[in-house]
Amino acid sequence: MFSGLPSLFSRSITRVLAVVLVFFLLQQYLYFRKSVSVTQGTLKADAQSCDSLKGLEDVFVILRTGATEAHKKLPVHFSTTLRCVPNYVLYSDYEEDVEGHHVYNALDEINPEIVASHADFEYYRRLQDGGLKAFSTEELAHWAAAKNTNGGRDSPGWRLDKWKFLPLAEKALARKPDAKWYVFIESDTYMLWQTLLEWLSHFDASKPHYLGMQMQIGDVVFAYGGAGFAISNPALNKVVQHRRANLKLYDDLTSVHWAGDCVLGKALKDAGVDLMWSFPTLTGDMPADIDFNTSFGGPDKKPWCFYAASYHHLPPAEYPNFLKFEQSWNQANSYRLRHKDIFRFYLLPRIPTEHEGWDNLSDVDQTEVHTFNDCRSACERQADCLQFSFVGESCKTSTGIRLGHKGSAETEQMKSGWMVDRVKEYTQRMDTTCGNKDWILQ
């Protein structure tokens, strides 16, 4: 009578397990189907954002970096700055692969005698022999913490960097001789490609053009490398041919100079190609550090009113956030981002009333101020003061407004404050200065 129970019980258990298994498989199917559809939607949106970049196929992008920073700064570019770029190349002072992307040696064709004897190449020789393992942890840490000076950054990798500019002009032309434009950027440059392409469309690429944020050393005006700069095909051909005919001259100049972008600018000028001053379309700071009312470019070329095509010094962690912001803007608007839009919608929501351990780059010293609250009061008494900072017994105020950045070793105890109740009036006043200002074209 009871002999059949185990069999019936086993079959019942089997049926229950089968039902559970089917339910589990159904849940997994629905989950993955949903996941795949989301991924496809993301990919579709990404593809659409890339498809909108008409003319990018005519641009060859040359990204310059160095071995000590390549693995820290390059990876984020593959999913942000370079994700839509069909034609680009990576150059450094050391040939290697970074996350499956090949990085070429920019200096492999420098005169061997210079490489063997010049002090700038002592670091390079060690690097070629052993990679970064050739250097001690202490050396690498010291170089990473090196300060910027009036003569550049005090590290051997930075001093070597000046030798890359002219060789990269030659290498870029050889690698992509049919490009209409050559855009040179660094590993902490962010390009707003849609804006850049619309800006470049105003220029005839069949004529020599050299476009960049203007800087000057001595009597040479040149394009600042960190802001990115664009050279048309005829201009690049001119400077490459001129350098070939005067190789020793420019090697000798580079050996005693400290800025390779200046040497390139002089070579272009010598070849008959003048720089078109392009600030604030191309800029040398990250959005948080820019004074959007600066007269650096002249009284009629303050950043606020103009379209933004590049920023510099962005930390890797900010690239995805800024890309998302840029994409959202371009999808919702038929016109490109101006600096004022970036201030209003990207920076302003992040500006608090005060922030400890923060430097908002206030720059006007106030005397006889001994506390943070006194510093705030000093700013309140000035009708046009928008922000202030305090560290030790030093109070500074500013009539411009910047988010700024985390304090450095010297300013880690700094506390910054903003007069947020005055910002609306400031932005309205700034808007009245714009008129028809948009592109830098001359």
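This is a predicted model: local features need pLDDT of at least 70, side-chain atom pairs count only at pLDDT 80 or more; totals for chains, interfaces and linings use all residues.
Trainee: Okay, how many helices and strands does the protein have?

Mentor: There are 15 helices and 21 strands. Both are DSSP runs numbered from the N terminus: helices are H or I with at least four residues, strands are E with at least two.

Trainee: Why are Cys50 and Cys84 called a disulfide?

Mentor: The term needs a pair of cysteine sulfur atoms within 2.5 Å. The sulfur atoms of Cys50 and Cys84 are 1.9 Å apart, and they form a disulfide. The torsion about their S-S bond is -70 degrees, and the link is left-handed. This pair links distant parts of the chain: Cys50 is in helix H1 (residues 5-51) and Cys84 in the loop between helix H2 (67-73) and strand E2 (88-92), 34 residues apart.

Trainee: How many disulfides turn up in the whole structure, and in what pattern?

Mentor: A search of the whole structure finds four. Counting bonded cysteines along the chain, the pattern is 1-2, 3-8, 4-7, 5-6.

Trainee: How do you know that Cys305 and Cys434 form one?

Mentor: Their sulfur atoms are 2.2 Å apart, and the pair forms a disulfide. With -85 degrees about the S-S bond, this link is left-handed. It joins distant parts of the chain: Cys305 is in the loop between strand E13 (276-277) and strand E14 (310-312), Cys434 in the segment after helix H15 (423-431), 129 residues apart. Cys305 is at 2% relative accessibility, so it counts as buried, and Cys434 is buried with a relative accessible area of 6%.

Trainee: And why is the link of Cys379 and Cys385 called left-handed?

Mentor: The torsion about its S-S bond is about -105 degrees, so the disulfide is left-handed. The two sulfur atoms are 2.0 Å apart. Cys379 counts as buried at 0% relative accessibility, and Cys385 does too, also at 0%.

Trainee: Why is helix H8 said to be largely enclosed?

Mentor: Seven of the eight residues of H8 (residues 193-200) are buried, so the rest of the structure largely encloses it. The buried ones are Trp193, Gln194, Thr195, Leu196, Leu197, Trp199 and Leu200.

Trainee: What makes a set of residues a nonpolar core?

Mentor: They have to be buried Ala, Val, Leu, Ile, Met, Phe, Trp, Tyr or Cys residues joined through side-chain atoms within 4.5 Å. The largest one here has 69 residues, of which Trp193, Leu196, Trp199, Tyr311 and Phe322 touch the most other members. A second, separate core of 46 residues includes Leu168, Leu173, Val220 and Val240.

Trainee: Which residues does Phe322 touch?

Mentor: Leaving out residues up to four places away in sequence, Phe322 touches Tyr190, Leu192, Pro287, Tyr311, Leu314, Ile342 and Tyr346. Contact here means heavy atoms within 4.5 Å. Among contacts in the protein between residues at least 6 apart in sequence, 74% join residues at least 24 apart.

Trainee: Last one: how many cavities of 30 Å³ or more are there, and what makes a space a cavity?

Mentor: There are two of them. A cavity is a set of points on a 1 Å grid over the protein atoms alone where a 1.4 Å probe fits but cannot get out, and lining residues have an atom within 4 Å of a point. The largest holds about 70 Å³, and 13 residues line it, with Trp163, Leu166, Pro167, Asp251 and Thr254 nearest its centre.

Key:
Residues are numbered from 1 along each chain as its sequence is written. Side-chain values use heavy atoms; hydrogens and water are left out. Buried means under 20% relative accessible area, exposed over 50%, partly exposed in between (1.4 Å probe, protein chains only). On a 1 Å grid over the protein atoms alone, a cavity is a set of points where a 1.4 Å probe fits but cannot get out, and a pocket is an open set with protein on both sides within 12 Å along at least five of seven lines; lining residues have an atom within 4 Å of a point. Grid points are joined across faces, edges and corners, and a volume is the space filled by probe spheres set on the points.
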